[in-house]
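Here are a few friendly notes to read alongside the structure. Keep the 3D view open and look up each residue as you go.

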Amino acid sequence: MPHLNTNKQTEHSVLKILSDLLSDANANCFDFAFSSLEWRMEHAKSGDTLFYYLRSDEESWNKFKSRYLGMAKGVAVVINDLPLQESAVIKQQVATFTGVIVLKEEGFLEGQRRLAQRCYPINWDNKKLIGVTGTNGKTTVTFLCKQIAKMVGKRAACLGTLGVSKHNDDAFTPTESGLTTPPLLELYKILYQMLEQEGHDCCFMEVSSHSLALQRVYGLYFDVVAWTSFGQDHLDFHQDMDDYFQTKLQIVHYLREKGGRVLLLPTEEEELFQKIKSHQLTNGDAKVTVNVHKCEKYFSREQFWQLPLPPFLLTAFNQRNLELALAINALLWGDLRVDPLKLVPAPGRLSTYIFGEKVVIIDFAHTPDALEKTCLAIKEIYPKRELHLLFGCGGDRDRSKRPIMGEIASKVADKIYITSDNPRTEAPQGIISEIKSGVTKAYESMVDRKSAIVHAYNKMGGHAVLLIAGKGHEDYQIIGKVKYPYSDYQALLQARRKEIEMETEMEMKMKMKKRVSTDSRTYQAPEVFIALDGERFKGVDFIKDVLEKGCRFVVYAGSDDDEKIEKLQQQYPDSIFVKTEDTLLYLQELAKEHAKQWLSNGKQLIGITGSNGKTTNKQMLAHFLQEVLGDKLLATDKNFNNHIGVPKTLLMLEEHHEMAVVEMGSNHPGEIKLLCDIAMPTAGMITNVGDSHLEFFKSRDGVFQEKRTLFDSVMKRSGGKGVFVIPGDDVFLARLLATGEEVIAFSFAAGSGDHNVVCEYTASPSKLLLKIPPKVQTKLRLSSGVVEFSNLKIIGKHNFSNLAATFLLALSLLGGGEKVKGRLVRASENFHPMSNRSSWICGRESGKSFFLDAYNANPSSMRAAIEAVVEYYLINQVSEGEQLFILGDMNELGDAAASLHKEIGQRLAELGAGRVVFIGRYSSSYQEGYHEGKRFKKCASFQSVVCQTKDEFVNTHWAQMKSKFSYFFIKGSRSLALETLISDEI
C-alpha cells in the first residue's frame, strides 16, 4: 500500500491533518504518524489507520470492543462521535482506550477524504473519471466504454459490479468489498493504483444508488456522467421510487466544472430526459447549471448502425448501451474509429452458449424492466424459437417486484421455470409463491437452482432458446447468512455433462473411431484427442492446444488434473471430456473392439514383423495388394508399428476395406503378443531374425522367441490354416517348419528340398550408370511353374528376398490365379523403396550417386546393405577411388555393441571398401574391426576416418570428401539423422 510522501514539506501527523474535525471526546488521544489506511477491522494490521463507524447501540459497541482489543498492537482507530444523550457510557469508555481518535459526526467522512487524498494522490490534470449510473446496463456500458477507449489509443479501465478490468485484459478481478461501487477508502486506493501507478488514462466507473446515498464517492469528481435507464429496483433500501430517483440524481453533484458538467442519456430515454430536466440541477450552486444531453448530440447512430455488429449487439437495449458508450467516448476524445466486431460482451450479460442445436443464454437481468427487455431482445434475435425462461428473485429485497416479474414472464415466455435466486434469510418457497401470484400461464417450480437448470436444459429441444436470468456473472448463492460457491454457468455445464452421459459408451466410441490423434502438434479437427502420457510429459498439458484447434472429443486420465479439466470444460463447454483410468489402455481396447467387428465380416488382417525390413516388406506387400484391391486395402502409415501406432492404424479401418497390412515392431519382450492381442492377425510374415535390440532381448534366440509370437497368433486363430511366409534359409525361422503348420518357406539356395519355393537370383550391369541399380532378375520356381520378374529400382539379394516373400504372400492371399499372377509380375517392376530406406538418389546439384539407408540400422541390415552396394559396384565396375562408405552407430545392442560394430568394420574391409568414415560412439570399434579386415586383405591403401559426432564430420571432412568421390554409401541408426548430409541434393 502506498504511503504519504515523507519529505519535510509534506510530512504531517494524523492529528494535525484532522485537527479541526476532532471531537471533545479526545481527552486521552495521543498523536501518531500518518500511515496506511484500512476500512475493515478484521484486516487491520500494525501501522494502519482504521476508520470504523460506530453506531449508538450496545451491540455495535460490544463488537467494536471485542475486535479492537483482539487486533495487533499499533493500529490507530478513527471512530465517529455519538450523540451524547444516547452514548454517554460508550463515550466515557472510549476515553480509556489508547490509539483511538474520535471525529465529529459530520467530520467522519471528511476525515477519510483528507487522509485518502494524502495517501493516494492523483494528478487529475491528465486523467479522466467517468461515472455511469442507472437501473440496468451500467456494467455493459462501462465495459463497452473501456473497449472503445482502447480502440482509440487510450489506456482504459472499468470498475463496477464485476470488479476491475484493466487495459490489457478483458477479464475482471473482483474488488475486496465485492460491491458495485466500493467504500471510499477502497475506491481511492483502486483509482490511485490504476491511474497513477499503472498509468491508465481513464476509468469508467459504475455508480450505484447505494453508493450515492452512503457518499462512497465523496471527494471525487467526474468528467462526464451517464444515466443508462430508470426502473423499479432496490425498494428495500429506498423509501419509494421518488426517493430512488432523487438519490440517483445526486450524481450530478460530483461533476467536474472544467468538463462542462455533462449528464448523458440514451437518445430513446425521453421520459427520463424530461424527468431530469424538470429538476433544478445546479450542483449546489444556482449559478452553475448541469448540461443534460441525449447521445445524439455527440454521436450519429445512423451511420454506425450500417456496420456489421456481433450477435450480442443485435438487441435493441444493447444498441442503446453501445450508443451511450460511443457518445461518452466521442465527448471525451472527439472522432471515433471503432470496429464493432471486435467488441465483446461483459461476463453474464447475454452470455450465449450453443450446444449442438440448443441455445442457452445467461444474463444478469434481475429487475422487471431488465427481464422484459432481455426476453424481448432474445425473441427478436431468435424469432422462430420458443423462449424458455428460468428466473427467481432475491430474498430480503424489494418484494413488490416479485409478482410483477411473474406477470412479465407470462407475457413474454413460452415456458416458465421459477426457482431460487439469493434467498438470504427468507424461505425460498415463500419467495417463489409471491412470484407465482403474478403468473398467468403454466409453469414449473423447483427450489434448488442448480437442479432447476439441469431440468430445464434437459427438457428443451433444438427448437428453443433457454434464458437463465438473475445471477449472470455471480459465483455465489446466499442462503441464510452464508455465501455458498455457486455459478449458473457451472450448473449449465453440469446439465450439458448429464446430457453427454446419456449417450451410451458404444455411441461415444463410434464417434471416436477412425479419427484419433495422440499428438497435439499434428492434430486436425474433427479428430478425437486421446491425451497419452509420456516419460517426460503429461497428456493433459496439451489438451488446451487441441481445443483451440476445434477439438470436440477429449479422452484423459488422472485425478490430479480434475481442476485443470474443469477449467477447460468451462472455457470449452461444447467439447466432450471422457475420463478413463488409463488412456493408452483405452486407445488399445477401442482399437481391438473395432478390429474385431471389422474381422467378423470375413476380412483379412496381415501382420508383418522381423528384425529388418518390416517397413520395406509392408510397403512391398501393400504395393502388390493394391494392384488388385485398390482402395480396398489399408496399410500402416509411416512407421506406426508400436503399441500406439498399431491401434491408430486399426481405427482407420472402414467397411469398404477388404484387407489390412499392419507392421508390428518390438524392442522389448512381450510387445508382439500385445499387438497380436489387439490386431488379431489372420495372416502374416516374419522377414528375418537378426541382432536387433539385444539390449533387451539378450540374444538372437530371444529375438526369435519374440518374433514367432506373430506366427503362433495367426496359427492359433486360423486353426493352423493361416497364410504365413518366412525365408526358409533363416536358421531360426526354419524351426517353424517343424511345427507341422502350413508355412510358405522360400530360399535362394537353388534346388533345396526343404522349402516349398525356390528362388533364383541373377544380376547384370545397368545401362544407365550413376542413376539406376543393376538389372536384377528373380525366378520363383513354384509348383505351378516358374515366375520371373525384375526391378531396376532396388539392389541387393536381401531386397529381392523381400520382393519374393511379399509376392508369394500377395499371390496366396489373392487366390493365385494366372490373371492375378500376371498383374503382380507387372507390379513388381515398378516398385520403388521409400525415401531414406535403401534408396538410390542422384544428386540434384552434383549429379553424384548416394545410396541412402539412414532410417535405421542393426548388424543384419548393415551387413546386407553393404554387400548389396559392393555387388552393385562390382557389376558396374565402379572403381575403388570413386567410392566412399559412411557408417553411423547401430543402437540398442546392449553389451554386445562394441563387438558387433567391430564385426561390421571387419566385413567392410573384407569386401574391399577402401575409403570409409565411421561416426558415433562406436566409431572406434568400427575402425578396430576395419583394421583387422585390412590385414586380412593385406591392402595398405585402405583409409578410415573416425568422428565422434556428425557435426565433427561435417565441420572437418564432409565438403572435401563430397567433392572428391562420386558414389556414397550412407547408413546408420535414426538418432544420427545421416540423411541431413545430403539434404541439399534431394
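1. Start with strand β5 (residues 128–133), which pairs with β9 in the parallel sense over four bridges. Please bear in mind that this is a predicted model. To find the pairing on screen, look for V132, whose bridge partner in β9 is A226.

2. Strand β9 (residues 224–227) has another neighbour to look at. Three bridges join β9 to strand β10 (residues 262–265), and these two strands run parallel. Here V224 stands opposite V262 in β10.

3. Which way do the residues of β9 point? V224 and A226 point one way, while V225 and W227 point the other way. All of these residues are buried.

4. Next, turn to a pair of helices. Two packed helices are described by the angle between their axes and the distance between the axes. For helix α28 (residues 859–875) and helix α29 (residues 897–910), the axes come within 10 Å and cross at roughly 10°. Angles under 35 degrees count as roughly parallel, so α28 is roughly parallel to α29.

5. Which residues make this helix contact? P859, M862, R863, I866 and E867 on the α28 side meet L900, E903, I904, R907 and L908 on the α29 side. Sorted by type, the residues of the contact are six nonpolar, no polar and four charged.

6. Now for the salt bridges: a search of the whole structure finds 40 of them. One joins K166 and E198, with the closest N and O atoms 2.7 Å apart. This pair links distant parts of the chain, 32 residues apart: K166 lies in the loop between β7 (163–165) and α6 (184–197), and E198 in the loop between α6 and β8 (202–206). K166 counts as partly exposed because its relative accessibility is 32%, and E198 counts as partly exposed at 32%.

7. Another salt bridge brings together the side chains of D414 and K379 (3.7 Å, N to O). This pair also links distant parts of the chain, with D414 in the loop between α13 (401–412) and β15 (415–418) and K379 in helix α12 (residues 368–381), 35 residues apart. D414 has 42% relative accessibility, so it counts as partly exposed; K379, at 31%, counts as partly exposed.

8. Finally, look at D519 and R521, which form a salt bridge with the closest N and O atoms 2.9 Å apart. Are these residues exposed or partly exposed? D519 is partly exposed at 22% relative accessibility, whereas R521 is exposed at 69%. Elsewhere, salt bridges that share partners join D20, E110, R113 and R114 into one network.

Conventions. Residues are numbered from 1 along each chain as its sequence is written. This is a predicted model: local features need pLDDT of at least 70, side-chain atom pairs count only at pLDDT 80 or more; totals for chains, interfaces and linings use all residues. Side-chain values use heavy atoms; hydrogens and water are left out. Axes are lines fitted to C-alpha atoms, for helices over the stretch in contact, and angles run from 0 to 180 degrees between N-to-C directions. Angles under 35 degrees count as roughly parallel, over 145 as roughly antiparallel, 65 to 115 as roughly perpendicular and the rest as oblique. Contact means heavy atoms within 4.5 Å. Ala, Val, Leu, Ile, Met, Phe, Trp, Tyr, Cys and Pro count as nonpolar, Asp, Glu, Lys and Arg as charged, and the others, Gly among them, as polar. Buried means under 20% relative accessible area, exposed over 50%, partly exposed in between (1.4 Å probe, protein chains only). Two strands pair if DSSP finds at least two bridges between them. A salt bridge is a side-chain nitrogen of Lys or Arg within 4 Å of a carboxyl oxygen of Asp or Glu.
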